[in-house]
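Please read the points below alongside the sequence and the model.

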Amino acid sequence: MDATPSSEGADRETRHLEAITAHVEQHHFGKVELVFHELLPDELHIDVLIVAPREERPCWTLVTSGMSEKPMSVPEGQNAPRRAELLMTLDPSWEMDQERWSDERHYWPVRQLKILARWPARNGTFLAARHTTSDDPPKPFADDTPFAAFALLDPLDAGARRLRSPDGEEIALYQVVPL
């Protein structure tokens, strides 16, 4: 089986990335300065959009694109969209460049977003606001951080919480908070 996306799949991914980028830029996060593109083929193509700190929003903002390509398995009776993307903010002093990412102390937020974005598809489940996640047992994401788990919350900006896919489906955007 060929691991490269079909032309139709690649076009869909491009439209999807463009829709998420437009949402990020229109809802107080700022201009996407960098996209950390997925290099290795996988069941989901997860990119990470990066918005630099600015006066109105003095933090790095990272947003996934690709998690919502596959609907999550939301149990009946749960009030959660079947599609979602993830958002994480980092201190403005965070070293955010690809050269630094060879060191896990700088790369762990990107890695953990990618892992978390694939988790529902790999486990036949879903993520929603107020969920928490960790390894069992929890272990720090890198040598120099105490963080070993995440909480998912709705972003403070209500207008940023939902967007529409190019196909018209609702996509939730959840804030990932390291614990």
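The numbered points below go through the model by region.

1. Basis. The model is predicted, so local features need pLDDT of at least 70 and side-chain atom pairs count only at pLDDT 80 or more, while totals for chains, interfaces and linings use all residues. Residues are numbered from 1 along each chain as its sequence is written, and side-chain values use heavy atoms, with hydrogens and water left out.

2. Main core. A nonpolar core is a set of buried Ala, Val, Leu, Ile, Met, Phe, Trp, Tyr and Cys residues joined through side-chain atoms within 4.5 Å. Buried means under 20% relative accessible area, exposed over 50%, and partly exposed in between (1.4 Å probe, protein chains only). The largest such core has 33 residues, and Leu62, Met67, Leu86, Tyr174 and Val176 touch the most other members. Two or more residues come from each of β2 (47-51), β3 (60-65), β4 (83-90), α2 (104-123), β6 (149-153) and β8 (170-178). The greatest contribution is from α2, with 6 residues. Helices (H or I, at least four residues) and strands (E, at least two) are DSSP runs, numbered from the N terminus.

3. Second core. A separate core of 13 residues includes Leu17, Phe29, Val63 and Leu163. As background, nonpolar side chains tend to be buried together in soluble globular proteins.

4. Strand β3. Two strands pair if DSSP finds at least two bridges between them. β2 and β3 run antiparallel and are joined by 5 bridges; within this pairing, Ile50 has Leu62 of β3 as its bridge partner. β3 and β4 are likewise antiparallel, with 4 bridges, and Trp60 is bridged to Leu90 in β4.

5. Strand β6. Which strands pair with β6? One is β5 (residues 132-134), antiparallel over 3 bridges, where Ser134 has Ala149 of β6 as its bridge partner. Another is β8, antiparallel to β6 over 4 bridges, with Leu153 opposite Gln175 in β8. Of the 5 residues in β6, 4 are buried.

6. Cavity. A cavity is a set of points, on a 1 Å grid over the protein atoms alone, where a 1.4 Å probe fits but cannot get out; lining residues have an atom within 4 Å of a point. Grid points are joined across faces, edges and corners, and a volume is the space filled by probe spheres set on the points. The structure holds 1 cavity of 30 Å³ or more, and the largest cavity has about 40 Å³ of space. Its lining is Leu44, Met67, Lys70, Pro71, Met72, Ala117, Pro120 and Ala121. By class this is 7 nonpolar, no polar and 1 charged residues (Ala, Val, Leu, Ile, Met, Phe, Trp, Tyr, Cys and Pro count as nonpolar, Asp, Glu, Lys and Arg as charged, and the others, Gly among them, as polar).

7. Met67. Contact means heavy atoms within 4.5 Å. Leaving aside neighbours within four places in sequence, Met67 is in contact with Leu44, Ile46, Met72, Ala84, Glu85, Leu86, Ala117, Pro120 and Leu127.

8. Arg118. Is Arg118 buried or exposed? Arg118, in helix α2, counts as buried because its relative accessibility is 7%. Beyond neighbours within four places in sequence, Arg118 is in contact with Glu38, Asp42, Glu43, Leu44 and Ile46.

9. His37. His37 lies in the loop between β1 (32-36) and β2 and is partly exposed, with a relative accessible area of 41%. Not counting residues up to four places away in sequence, His37 touches Leu17 and Asp47. The C-alpha atoms of His37 and Asp47 are separated by 4.7 Å, and the two are 10 residues apart along the chain.

10. Backbone details. The peptide bond from Asp136 to Pro137 is cis, with omega near 5 degrees, and Pro137 is in the loop between β5 and β6. Arg130 has a positive phi, near 80 degrees. Arg130 is in the loop between α2 and β5 and counts as exposed at 70% relative accessibility. For reference, most residues other than glycine have a negative phi, and most peptide bonds are trans.

Note on methods: 1 Å grid on protein atoms, 1.4 Å probe; cavity = no way out; pocket = protein on both sides within 12 Å on 5 of 7 lines; lining within 4 Å.
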